[in-house]
Amino acid sequence: MTDISYLAIGPVIALTVGVVAILLIAVSYKTDERVLGGIAAASLLAAFVLGVLQWVEASDNPTTRFNGMVALDPFAAFGAVALAVVGVVALLVAWPLAVAQGKRIAEFLALILLALAGLILMAASAHFIMLFLSLEVASISLYVLAGFSRQDADGNEAALKYFLLGSFASAVFLYGVALSYAATGTLSITGTAEFLESNVLLESGALMAGIGLLIVGLAFKVSAAPFHMWAPDVYQGAASGISGFMTAGAKIAGFAALARIAVTSFNPYIDDWAPAVAVLAALSIVVGTLLALAQSDIKRMLAYSSIAHAGFILTGLVAGIDGVPFIWFYSVTYAFQVLGAFAVVSVVGGPAGTRSALSDYAGLAQRAPVLAGSLALLMLSLGGIPLTAGFTGKLFVFREAVDAGYLWLVLVAVIASVAGLFFYLRVIVLMYMHPQAETALEPVAGDSIRIALTFVAVVTLAFGIVPGPLIDVVTSALPI
Amino acid sequence: MDFPILSSLVWLPVASAAIVVGLPRRRPELVIPVAFGLSLITLGLAGFLVVDFTAGDPGFQFVERTSISADLGIDYHLGVDGISLFMVALTAFLLPLSILASTSVEHRSKELMASLFLLEGALIGVFLALDLALFFVFFEVLLVPMYFIIGLWGGERRLEAALKFFLYTALGSAFLLAGIVFLSAQANDQLGNITFNYLDMLDVELSRTAQFWLFGAFGIAFAIKVPLFPFHTWLPDAHTEAPTAGSVILAGVLLKMGTYGFVRFNLNLFPEATVELAGFMAALAVVGILYGAAVAIVQPDLKRLVAYSSVSHLGFVVLGIFALTSQGLEGGVLQMVNHGLTTGALFLLVGMIYERRHTRRIADYGGLQKVMPWFAGFFLLTAFASIGLPGLNGFVGEFLILLGSYSRHPILAVLAAFGVVLAAVYLLWAYERVFTGEPDREENQNLRDIGLREVGILVPITALIIFLGVYPKPALERIEPAVERVLERIEQRTDFESPLRLDDIAEEIR
């Protein structure tokens, strides 16, 4: 092997070292939980720094390393940086839950880092087998996290459901890889593109089926309708402290992988797959929005809203390579919003809680003004009100979709986003305009949650008001 | 660089909101005086803007432009012309009055003041924005403070009204957003660079079909805001349930975003569609005039009556705009200001007796003239202004509108004139039931007449009502050039010729 570049897998190495260190220290010494948390934070920081170094290295000279297995390009570097930051915020949000695990805290932290390693590698894979492996590393870690509270029946159900449907999706994805290989004779993501550009397929059936199955497999992972059935049960059943990370991480990495194979490998066939993606997008938006309207549990509502948001992000994908920067913008800002929203849920319903009735939020503004204020801001952003990142993201993906000729999709999307406002506003109405129940507890947010919420609020407002800097970055974060 | 007066007008209210929120919680008595003082600074700036504005210049003045993001083609681009000038001034003028009218609010008054300031900043932003993305941001974001104003400080059915208001107008905005995005995509095709800039959009050549779709997308958003019949159903609830300050801003300024949007965007950007659809829009406007007035007559609730009268009066504005004559358009723009003043005053007056009696039902009153003579006097004067009595502001606007529309749509103009008669019916009949006769109900016999604070609210607004009725020239000479330019644009782009142009007549006489 000559084509080794430790920088290309630097963030993954950092996280893996962190995992090993946490597990070894936890079995060898009786340590304070803060030490383990510190190690986790340090390895995330290292991953972040290495991601930035990747960016510096790759921005002029994007390449693939390890004989075409791993990409060292701005796309991968941005994914690593974004996921490392998401990891830090997720760690802050999940910290009360981690502490509540007692002795099992080491495993809990290790699983988060391992999931992140897999997710980062998903964005960096330049080869279908590499992509499949990283997808499995990430997914298996997330299955276990979903059911981490062994005594909790909801959690177990969530984990099992997630595992069964998730493995089914992985199998579908793998079948797609096989069919694509059958049609093109290569498993390299860039190699597929080269082959398709220089050859005309007489029979494109196998390739079409392959593309279709690849999209379906990843659509499962990002919970796009009609492959969304698992999402509400899983996000509700998992402990509130970790649901946000499961949603955020899977969205960023899933869309990164989808964007990379769609606009790199199968770019020559964009006219064939883009209409299918547009239908998926429209379905996700409509189904997610309509079902969210009927929810009385905030976690289920957020889950259905995440289905709708998957549709909005897919709206950017129909524009091909032009939409990629805005897929990044949308998925990253959405990730922070959903982390923040679940953070509030984890305070109100308890970090290990699985259900969180909307009625618990009545009069929250008087009991916990900071929590209510953050959640209100996040709801406005998820609903797409201007001056928040949620609006900016929508504006950009809509414009790309119109440029690509999908006006009908944008019309569906804007009308659905109005209907969506109804349930986002309902949370605000409950918090600010309803009297509180007499027995209501006073939720107290710990320091870690406060820091996370402040960060999320700043990001949401900053990129809503001044999106320029992030846009400048994501417009260069393109795959090779 | 010159003093950025337009930016100050947008951001000073936002800063004021922050200052008010930062006031110590232990000193609630400070809130109103501080808020009032801050709102006067903005008003002073707006007054300076009106005086410093160059009358006779049809273009945008005091322009500020910085790029927010070159990649996205979004600019921070502000400018004022004769069409937006008085909207800005009206917003800044009504805010101090709304603040004074909110002294009876004890529950979270800091937050109410902050919401009012944010609303003011966003409204001024809507009227000044010359970038479509920026315009949309202001247009949409002001729903949030308005939603809270209705939902937190409103009447009994406030939650329902707030939600209805928000969703209805957000639906309109959705179409607007789709339209803006589509227009920007067209501009991208033709000009070769990504832009949302209004001035660039003026150069975009749109096909007839595209113009119709875009006219529809923008038109629905603005028609809901106006509200034009049949999109008016959110209005009575929102106006009735909002607190006095909210109703004043809502009726006074917020509705004008719709009519302003028609003039600024539909007429300028989609001239061909405008000319073809003008008759249809004017007909809808006349339906609104008569329908609004007819429904207002039978309202048992004083605030609802004023709310429906807005539907009727805004119909006049839309009629004037789509007459596509210089008098009609000029009258329409002027009437936007006039309606803001008279309806604002009516809501303030209704708020004053509501504070005393806690009822809005007309049947609960009677004979107030005897116990509150000053109040009755102000009410009658405002009602006359609203009806359009010569010498008061409403007359000037309505006369110009009817004159301007008669030359294009004589039948519609005649029908619309009946709206004036109906206005006299609902307002004077309401006056009769509330103020005349004997105060035979016990609760009405000992009502206080208006105090110093209330006189302070009513005198400035009444003075303006009379001033604009007697001497509208300063306003008209600022509005006219901008309006003429809109018509010139339509004539250049289409084969439409506006009848009865004042300059043409003057030319012929010479």
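How many residues does the contact take from chain A and from chain B? I began my notebook with that.

**Ground rules.** I am reading a predicted model, where local features need pLDDT of at least 70, side-chain atom pairs count only at pLDDT 80 or more, and totals for chains, interfaces and linings use all residues. Residues are numbered from 1 along each chain as its sequence is written, while chains are lettered from A and ligands numbered from 1 in the order in which they are written.

**Entry 1: the contact between chains.** I found 27 residues from chain A and 26 residues from chain B. Two residues are in contact if their C-beta atoms, placed from the backbone, lie within 7 Å. H17(A) gives the most, 13 residues. Helices here are DSSP runs of H or I with at least four residues, strands are runs of E with at least two, and both are numbered from the N terminus. I then sorted that side of chain A by class: 21 nonpolar, three polar and three charged residues. Nonpolar means Ala, Val, Leu, Ile, Met, Phe, Trp, Tyr, Cys and Pro; charged means Asp, Glu, Lys and Arg; the others, Gly among them, are polar.

**Entry 2: the core.** The largest nonpolar core has 413 residues. Such a core is a set of buried Ala, Val, Leu, Ile, Met, Phe, Trp, Tyr and Cys residues joined through C-beta atoms within 7 Å. Buried means 20 or more other C-beta atoms within 10 Å of the residue's own, exposed means 12 or fewer, and partly exposed is in between, with C-beta atoms placed from the backbone. A:Leu339 and B:Val88 have the most contacts inside this core. Its largest share, 20 residues, comes from helix H3 (residues 74–100) of chain A. I looked up A:Leu339, leaving aside neighbours within four places in sequence; its contacts include A:Val86, A:Val93, A:Phe245 and A:Val456.

**Entry 3: a helix pair.** Next came helix H14 (residues 302–322) and helix H19 (residues 410–435) of chain B, which pack at about 160° with axes 11 Å apart. Axes are lines fitted to C-alpha atoms, for helices over the stretch in contact, and angles run from 0 to 180 degrees between N-to-C directions. That angle makes H14(B) roughly antiparallel to H19(B). Angles under 35 degrees count as roughly parallel, over 145 as roughly antiparallel, 65 to 115 as roughly perpendicular and the rest as oblique. B:Leu305 and B:Phe316 are among the contact residues of H14(B), and B:Ala416 and B:Tyr426 are among those of H19(B). The classes are nine nonpolar, three polar and no charged.

**Entry 4: cis bonds.** Which residues does a cis peptide bond join? I found B:Val226 and B:Pro227, with omega about -10°. Another cis bond joins B:Phe229 and B:Pro230, with omega about 5°. B:Pro227 lies in the loop between helix H9 (208–225) and H10 of chain B, and B:Pro230 lies in the loop between H9 and H10 of chain B.

**Entry 5: positive phi.** Most residues other than glycine have a negative phi. A:Phe66 has phi near 55°. A:Phe66 sits in the loop between strand E1 (63–65) and strand E2 (70–72) of chain A. Is B:His358 buried or exposed? B:His358 counts as exposed, because it has 9 C-beta neighbours inside 10 Å. Its phi is positive too, about 55°.
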